[in-house]
Amino acid sequence: MSENGLSRKRRMSVGVCVGDIQIGGNAPIVVQSMTNTDTANEAATVEQVMQLARAGSELVRITVNSMEAAAAVPGIRANLDDMGCHVPLIGDFHFNGHKLLTAHPECAKALGKFRINPGNVGHGRKRDEQFATLIESACKYDKPIRIGVNWGSLDPEMLARIMDQNAASSNPQDAKYVMREALITSALESAAKAEEIGLSRSKIVLSCKVSGVQDLIMVYRELAARCDYALHLGLTEAGMGSKGIVASSAALAVLLQEGIGDTIRISLTPEPGGSRAREVVVAQEILQTMGLRAFVPLVAACPGCGRTTSTYFQELAESIQAYVRDEMLIWRDQYEGVENMTLAVMGCVVNGPGESKHANIGISLPGSGESPVAPVFVDGQKTVTLKGDTIASDFRQIVANYVSEKYPRKHI
């Protein structure tokens with residue numbers, strides 16, 4: 001049983017090590033993300049990798065699409081290491097990866113993993129030769145790879161073969177079935193070819209990405225049933241804002257609950273001026289709300305109603321949520337288990353005291369017409385009543401004191 005009380009048996013896959021991070025096997029589900037900087041711009045890429053790593057991304061993918069980008073990778077890795085950021089970097093290769101890795105061996109050495117798309121490696125005889133060069137580079141430098149198939153870039157020759165087979169069948173399926181089968185076939189045939197060339201099974205991760213929720217679920221259920229490779233989950237081109245978050249959550253939650261998936265990425269389109277790290281936070285929140293991993297203390301807050309005409313509880317909930325996420329940058333290095341702490345910021349007496357008692361620390365703010373005081377509950381017991389203009393700062397101090405008193409310090 002998982003922490004949320006629902007039956008969840010994890011699909012057992014072959015473990016893959018990327019630096020100090022393990023994907024698959026018995027390892028926790030890994031959160032990863034991708035930069036959107038020009039990789040040739042070392043300073044900008046280092047800054048964004050740092051931002052993503054601080055947010056909690058355990059692997060960060062960077063585009064390697066030109067000789068200039070490939071030449072920049074060793075410097076990016078060195079700068080990150082000098083700054084104490086050792087997050088593994090994944091090189092994303094399309095079309096010319098075979099040339100880049102051959103021309104820039106230091107790039108290959110600096111990367112923790114390669115990502116290749118079999119639909120963008122080449123065509124015909126060139127495809128086989130160029131794919132082999134990529135796999136031989138992975139073998140030479142002892143790097144794992146992700147074979148990442150995408151429905152927007154399927155190998156046309158392989159797709160035509162699947163379509164012909166389907167047309168010749170006594171019971172031909174619809175076009176969506178053909179597309180899903182082509183994705184799975186491309187991934188499995190490419191993985192088999194990589195093993196034939198000499199890459200160990202423990203160096204291979206597979207993904208088959210689409211942008212439709214039901215299609216993604218069906219593809220990964222079938223892929224999981226047909227192999228034991230580690231699987232990377234993600235809804236490609238998920239979209240912007242709430243649409244991208246809802247679609248990704250709907251698809252991944254179903255698969256994760258069924259035990260499918262070893263690493264995830266939420267492919268959100270950033271809003272203008274928005275932080276790239278938002279996709280990391282969403283990935284963490286999916287895993288944490290499902291009870292699969294814990295990253296930061298969770299804050300429960302009521303939605304508000306006619307009893308809560310003041311916006312104070314909304315502002316306090318937002319403030320506390322930002323506070324604990326910022327403090328986790330320090331807490332995670334100092335205290336054991338603080339990520340499991342729960343907080344409640346409630347807006348009136350209806351559910352406020354009860355919800356607050358269920359959290360490690362909870363506050364029940366006064367609703368419309370209630371006395372202007374806010375009882376605070378710690379581990380189910382009322383400890384103090386706050387009032388006046390310092391409720392927010394007083395509550396933050398209660399949280400800080402609880403962390404330092406309740407959670408054991410790590411031995412560094």
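A crossing of two helices is called right-handed if the near helix is turned clockwise from the far one by less than a right angle, and left-handed if anticlockwise. Helices here are DSSP runs of H or I with at least four residues, strands are E runs of at least two, and both are numbered from the N terminus.

Hi everyone, a word on the model. It is predicted, so local features need pLDDT of at least 70 and side-chain atom pairs count only at pLDDT 80 or more, while totals for chains, interfaces and linings use all residues. Residues are numbered from 1 along each chain as its sequence is written, and side-chain values use heavy atoms, with hydrogens and water left out.

Let's begin with helix 1 and helix 2. Their axes, lines fitted to C-alpha atoms over the stretch in contact, with angles running from 0 to 180 degrees between N-to-C directions, come within 10 Å and cross at roughly 45 degrees. That makes helix 1 oblique to helix 2; under 35 degrees counts as roughly parallel, over 145 as roughly antiparallel, 65 to 115 as roughly perpendicular and the rest as oblique. Their crossing is right-handed. Contact means heavy atoms within 4.5 Å, and the residues making it include Val46 and Met50 of helix 1 and Ile76 and Leu80 of helix 2.

Now to helix 8 (213-226) and helix 9 (241-257), whose axes lie 9 Å apart at an angle of about 25 degrees. Helix 8 is therefore roughly parallel to helix 9. This crossing, too, is right-handed. Among the residues in contact are Leu216 and Tyr220 of helix 8, with Ala247 and Leu255 of helix 9. By class, we find ten nonpolar, no polar and one charged residues. Nonpolar covers Ala, Val, Leu, Ile, Met, Phe, Trp, Tyr, Cys and Pro; charged covers Asp, Glu, Lys and Arg; the others, Gly among them, are polar.

Last, the pockets. On a 1 Å grid over the protein atoms alone, a pocket is an open set of points where a 1.4 Å probe fits, with protein on both sides within 12 Å along at least five of seven lines, and lining residues have an atom within 4 Å of a point. How much space lies in the largest pocket? About 830 Å³, counted as the space filled by probe spheres set on the points, which are joined across faces, edges and corners. Its lining has 34 residues, with Ile21, Ala53, Ser57, Glu58 and Val87 nearest the centre. Helix 11 gives the largest share of that lining, four residues.
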